[in-house]
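Let's take a walk through this protein together, with the sequence and the model side by side.

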Amino acid sequence: MRKNWFKRLVTIPLFLALSACSTVNEEIASAGDTAPASTEIAQIPDDPDPAIWVIKDEDTTIYLFGTVHILKPGLSWFDEAVKDAFDASDELVVEMIDPDPAEMVKIVNELAIDQTGKSVRDKLNSGDREKYEAALTKLGLPLASFDPLELWFASVNISLVPLMANGYDSASGVEKDLTALAKSRKMKIVGLETPRQQLGFFDNLPEDAQIRFLNFTIETVDEMVDGMNNMVARWALADTDALAELMNAGLEDKILYDTLLANRNANWAEWVEDRLDEPGTVFMAVGAGHLAGKSSLQELLAEKGLNAEQIEY
């Protein structure tokens, strides 16, 4: 059993934690006088046109493209404005460059596997543990499936189970396609964060925050597929307002919001500002949640006097 799940863990995108937060949470969605539009499940269009923005100065162009890290195979999103922008670029920037598999195993062993010997279930109180075990049983998984993991990594992987059972494939993420194409064209590829940094964001969360993250995942696991379908549809429709609601629904906890979204956007805004000092054309592809809503990358850039203009199809 250990060999099988470990092999799967080291081959999935590590930044899926934000997608794990993007399911429709009925309690959050129903707050206020009017339910937000994103509570309705949108249909994926035949011709997806995801949102893309551009920032320019005299000798530098930076395209900002929001991605979805895991998709069902066969979705045709690489055309029109996205393709034109990518074709015009000589540099691809992504959140993280996938490391050598052996290095990935080493990092996962150090940061995503619990080193104390205390299992996931032993870290939960009796009520949370009962709900956790019930969810794993419903998913058809042995109760000890994720015991060796850190709490946050268990959350990410539990969220993946229903998605992969419903046709989503971690090998079909936008970044993987863009990276493969960039390599074939011998483009420069830059990672904003290292794998160790990305895992470190989550691994350094206090245990109580990790437990809240896990509990949220368990409470919304039945909504995971509908939530992901809706998120992909809103992305394909360039519905950034609804997408912001979906992507941020699970980040009501301030420490999660700051760690997974706001602080990273602030770092990336500085990167963009610095990159504008060098000539060239850059295609910057980061999770769509970073380009929507409060504290979005565009808003932070605007505070620096840098206007990101959305490209019309």
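**A walk through the fold**

S295 sits in the loop between β5 and α14. Although S295 is not a glycine, its phi is positive, at about 65°. Most residues other than glycine have a negative phi. E80 is another residue with a positive phi, near 50°, that is not a glycine. E80 belongs to helix α4, residues 80-87, and at 34% relative accessibility it counts as partly exposed.

A word on the ground rules. This is a predicted model, in which local features need pLDDT of at least 70 and side-chain atom pairs count only at pLDDT 80 or more, while totals for chains, interfaces and linings use all residues. Residues are numbered from 1 along each chain as its sequence is written, and side-chain values use heavy atoms, with hydrogens and water left out.

Now step back to the whole chain. Its secondary structure comes to 14 helices and 6 strands; these are DSSP runs numbered from the N terminus, with helices (H or I) of at least four residues and strands (E) of at least two. Of the 313 residues in the chain, 56% are buried. Among contacts with a separation of 6 or more, 83% are between residues 24 or more positions apart, where contact means heavy atoms within 4.5 Å.

Strand β3 (residues 91-96) pairs with strand β5 (residues 280-287) in the parallel sense over 4 bridges. You can find this pairing at V93, whose bridge partner in β5 is M284. Strand β2 holds T61, which is buried with a relative accessible area of 14%. Leaving aside residues up to four places away in sequence, T61 touches V54, I55, K56, G280, T281 and V282.

In helix α14 (residues 297-303) you will find L301, buried with a relative accessible area of 0%. L301 touches I55, L64, A269, V272 and L306, again not counting residues up to four places away in sequence. A242 is found in helix α12 (residues 240-248) and is buried, with a relative accessible area of 4%.

Which residues bring α7 and α11 together? From α7, S159, P162 and L163 meet M224, V225 and M228 of α11. By class, this contact has 5 nonpolar, 1 polar and no charged residues (Ala, Val, Leu, Ile, Met, Phe, Trp, Tyr, Cys and Pro count as nonpolar, Asp, Glu, Lys and Arg as charged, and the others, Gly among them, as polar). The axes of α7 (residues 151-165) and α11 (residues 224-236) come within 9 Å and cross at roughly 75°. The two helices are therefore roughly perpendicular to each other, a label for angles of 65 to 115 degrees.

Finally, turn to the interior. In soluble globular proteins, nonpolar side chains tend to be buried together. The largest nonpolar core here has 33 residues, and those with the most contacts inside it are F65, W77, L92, L178, W235 and F283. A nonpolar core is a set of buried Ala, Val, Leu, Ile, Met, Phe, Trp, Tyr and Cys residues joined through side-chain atoms within 4.5 Å. Helix α11 gives the most to this core, with 7 residues. A second, separate core of 31 residues includes V120, F146, L199 and I211. Back at L92, its contacts beyond four places in sequence are F86, L178, T179, A182, M187, K188, I189, V190, F283 and A285.

Methods:
Axes fitted to C-alpha atoms, helices over the stretch in contact; angles between N-to-C directions. Parallel < 35°, antiparallel > 145°, perpendicular 65-115°, else oblique. Buried < 20%, exposed > 50% of the residue type's maximum accessible area, 1.4 Å probe, protein only. Pairing = 2+ DSSP bridges.
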